[in-house]
Amino acid sequence: MGHIRIAGVSKGYINRRTVQRSPDTAGCFAGDRIAVLDDIHLEFHDGEMVCILGPSGCGKSTLLRIIAGFEACDRGSVVIDGRTVDGPDREHIFVFQHTALFPWMTVRENVGLGVRHLADRKEQGIRIQEYIEMVELDGFEDRYPHQLSGGMQRRAELARALVVNPETLFLDEPFTGLDFLTHMKMREEVTAMHEFIGKTIVMVTHDIDDALIMGDRIVVMSGRPSHVKLVRKLDFPRPRDFRKSPSLNDLRNEIFLMLGVNYAV
Ligand SMILES: Nc1ncnc2c1ncn2[C@@H]1O[C@H](COP(=O)(O)OP(=O)(O)OP(=O)(O)O)[C@@H](O)[C@H]1O
Ligand SMILES: [Mg+2]
C-alpha cells in the first residue's frame, strides 16, 4: 500500500497585491493569478522514500498539501492506492513545515492524539509509549512543548505521526530549525525508521544532501510556475557517502547546477 499517482496537477493562487473590487465581478474581489504548479505528473511506488527538492517558493509544500488532501488542485488528480484524493485521510499523515504540537498538551497527550480512537486504554498506552521510546523521548512524557528543544519537538511530532501507523507519511521540511548535529541524527533516525516500517514517505526538503542520502527516488522541481525537472531512482547502496561514491557526488553536483548553484558546498 502507498502507491501514489499524480496526473496533470496544476495550481494557482490569486495574487493579493493585485486584488481589487472589480465591476466585472459584481463588486467581488478579483486579481491576477499566480501559477504555482504546472502540469505535474509523478508516480511513487509502495514503500518508497521520495524526496522532493526545488527552489524556495516553487510550490513544494503546495504539492505536498495537494497530495495529502489538505488542498484542492485546479486541474489534474492525485490517486493513492486506486482512490482519488478528495480530502485528508487518517491513513495519510502530514508533518507540517512549522512545528504544530499543541502547546497546552504534554508529549504523551500530543502523541496520544493519533490513537485516541482506540477503545482499549491499555493498548493505547502501550502504543504511545512505544513511539515515544522510538524517538528517544522517554523521560519527557509529561513535558509541554515549550519545555523541549527544537529537535525534541520535531521528534515528538514524528512520534505523533507514526503512532497512527499510517499507510503514507508526508514530511514537509521535517528538519527545519534543527542544529547541525540533531539534523544529522534525525536524518539517520528517519532513514532507519523508513527501513523498519517500510511505508511510503514523501519528504519535501531544501537540502540536497538529505535527499540524496535518504531517498529511494528524488524529484527536482523548477522555479515557479513549477514543473518536474528531474526524477531519478537512487540505487546507491546505504549508508551513502559522497566521498566514497564518485557517481553520487557527480549527481550532487548536477543537482546543485540544476538549482542554479555553480559549485557544490
Ligand atoms: N494559501 C495561499 N495563498 C496564496 N498564495 C499562496 C498560498 N500558499 C502558497 N502560496 C504561494 O505559492 C507559492 C508556493 O508556495 P509553497 O509554500 O508551496 O512553496 P515552497 O516551495 O514550499 O517554498 P519553501 O521552500 O520556501 O517552503 C508561493 O509564491 C506562495 O506565496
Ligand atoms: Mg515549503
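Modeller: Let us begin with Asp-74, which lies in the loop between H1 and strand S6 (75-80), where helices (H or I, at least four residues) and strands (E, at least two) are DSSP runs numbered from the N terminus. This is a predicted model, in which local features need pLDDT of at least 70 and side-chain atom pairs count only at pLDDT 80 or more, while totals for chains, interfaces and linings use all residues. Residues are numbered from 1 along each chain as its sequence is written, chains are lettered from A and ligands numbered from 1 in the order in which they are written, and side-chain values use heavy atoms, with hydrogens and water left out.

Biologist: Why is Asp-74 called partly exposed?

Modeller: Buried means under 20% relative accessible area and exposed over 50%, with partly exposed in between (1.4 Å probe, protein chains only). Asp-74 has a relative accessible area of 39%, and therefore it is called partly exposed.

Biologist: What makes the pair of side chains of Asp-74 and Arg-33 a polar contact?

Modeller: A polar contact is a pair of N or O atoms within 3.5 Å; within protein, one must be able to donate a hydrogen and the other to accept it, and residues adjacent in sequence count only if both atoms are side-chain atoms. The side chains of Asp-74 and Arg-33 are joined at 3.1 Å, and the side chain of Asp-74 also reaches the backbone nitrogen of Gly-12 at 2.7 Å. Asp-74 and Gly-12 are 62 residues apart in sequence, yet 7.2 Å apart in space, C-alpha to C-alpha.

Biologist: Which residues come nearest to ligand 1?

Modeller: Of the 14 residues around ligand 1, Ser-56, Gly-57, Lys-60, Thr-62 and Arg-224 come nearest, a residue being near if one of its heavy atoms lies within 4 Å. The largest share of this shell, 4 residues, comes from helix H1 (residues 60-68).

Biologist: How do you know that Ser-61 has a polar atom by ligand 1?

Modeller: A polar side-chain atom of Ser-61 lies 2.8 Å from an oxygen atom of ligand 1, and a polar backbone atom of Cys-58 is 3.2 Å from an oxygen atom of the ligand.

Biologist: What makes a set of residues the largest nonpolar core here?

Modeller: A nonpolar core is a set of buried Ala, Val, Leu, Ile, Met, Phe, Trp, Tyr and Cys residues joined through side-chain atoms within 4.5 Å. The largest has 48 residues, and Leu-169 and Leu-212 are among those with the most contacts inside it.
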